[in-house]
Amino acid sequence: MSGNAFATIPGGKGANQAIAAARAGVPTVAVSMVGAVGSDSFAAGLLAALNDGGVATDLVRIAPGPSGIAQITVDAAAENSIVVVPGANATLTKLRDADRAAITGARIVVLQLEIPLDGVVEAAQLAASAGVSVLLNPSPVRDLPDELLDAITVLVVNEGEAAALGQGTLARVAHLVTTLGPLGAHYQGPDGHSVSVAAPSVDAIDTTGAGDAFTGALAVAWVQGLPPAEALQRACAAGALATTVRGASTSSPTRAAIDELVAVTY
């Protein structure tokens, strides 16, 4: 099989979601990234992308060896497939004192599974014990231990991740958000409360990073205390807008762009 284009673009789910949150939020609310880059030539570009996206990088550590990378292919229908090599991300097994201080002082902690599970569990439990909301996007999907499930406030999954985790696991969390691609998203909350929101219609050229844009915008809406329907509208708008731009970290829309699409769609 042969392709017709190639590009190297900064990314990583954590970085993408951090940038998405920074761009979807307001300048007075800081977004910080706890993560790791390698000692290779990619590190400077990864850090620059975070800084340019409005994300503080003082908690991003440098580990000897390669940075994490993902090989992404995008087909003619704008759908993508991804192979991830963890690299420096694999070193994030324990938090440092500065990481812990940032987590306990946050309003929401957004987690993914591109770092070792021990680090994810520690961060989630620390946040939950401090009364900080925990949003987990379990990607790449894997079984979630009880101690992690008990600390989650909001679980954000796509349909494939939902199927892999199973209803028993999904029922353990208080707030479940399922993304449905071009069909929008569904929220299931306590006491059977649920709501579905359709996605805005856009001309998609690359779905890479759409889920991350959705998650970042949802985290901002959650901190703002918006009702589930409004939070999903903003998240769906962010995800839809991200598909109109190639790349992941470079595709997250601004708050103004989200406002505009929400206004004309809903």
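Me: In which sense do S10 and S11 pair, and over how many bridges?
Reply: S10 and strand S11 (residues 185-188) pair in the antiparallel sense, over four bridges. Two strands are said to pair if DSSP finds at least two bridges between them, so the four bridges here meet the criterion. Helices (H or I, at least four residues) and strands (E, at least two) are DSSP runs, numbered from the N terminus. This is a predicted model, in which local features need pLDDT of at least 70 and side-chain atom pairs count only at pLDDT 80 or more, while totals for chains, interfaces and linings use all residues. Residues are numbered from 1 along each chain as its sequence is written, and side-chain values use heavy atoms, with hydrogens and water left out.

Me: What makes strand S10 mostly covered?
Reply: Five of the five residues in S10 (residues 175-179) are buried; the term means under 20% relative accessible area, with exposed over 50% and partly exposed in between (1.4 Å probe, protein chains only). His-175, Val-177 and Thr-179 point one way, Leu-176 and Thr-178 the other, and all are buried. In a regular strand the side chains alternate between the two faces of the sheet.

Me: Why is the pair of Lys-13 and Asp-212 called a salt bridge?
Reply: The term requires a side-chain nitrogen of Lys or Arg within 4 Å of a carboxyl oxygen of Asp or Glu. The closest N and O atoms of Lys-13 and Asp-212 are 2.7 Å apart, so the pair qualifies. Lys-13 lies in helix H1 (residues 13-24) and Asp-212 in helix H8 (residues 210-224), 199 residues apart, so that the pair links distant parts of the chain. Lys-13 is buried because its relative accessibility is 16%, and Asp-212 is buried at 5%. The structure holds eight salt bridges.

Me: What makes Asp-259 and Arg-234 a tie between separate parts of the chain?
Reply: Their closest N and O atoms are 2.8 Å apart, and the two form a salt bridge. Asp-259 belongs to helix H10 (residues 255-265) and Arg-234 to helix H9 (residues 228-242), so the bridge ties together parts 25 residues apart in sequence. Asp-259 is partly exposed at 34%, whereas Arg-234 is buried at 13%.

Me: Which residues do salt bridges with shared partners join into one network?
Reply: Arg-61, Arg-96 and Asp-99 are joined in this way. Asp-99 is buried, with a relative accessible area of 0%, while Arg-96 is partly exposed at 33%.

Me: Why is Val-74 called partly exposed?
Reply: Val-74, found in strand S5, has a relative accessibility of 36%, and therefore counts as partly exposed.
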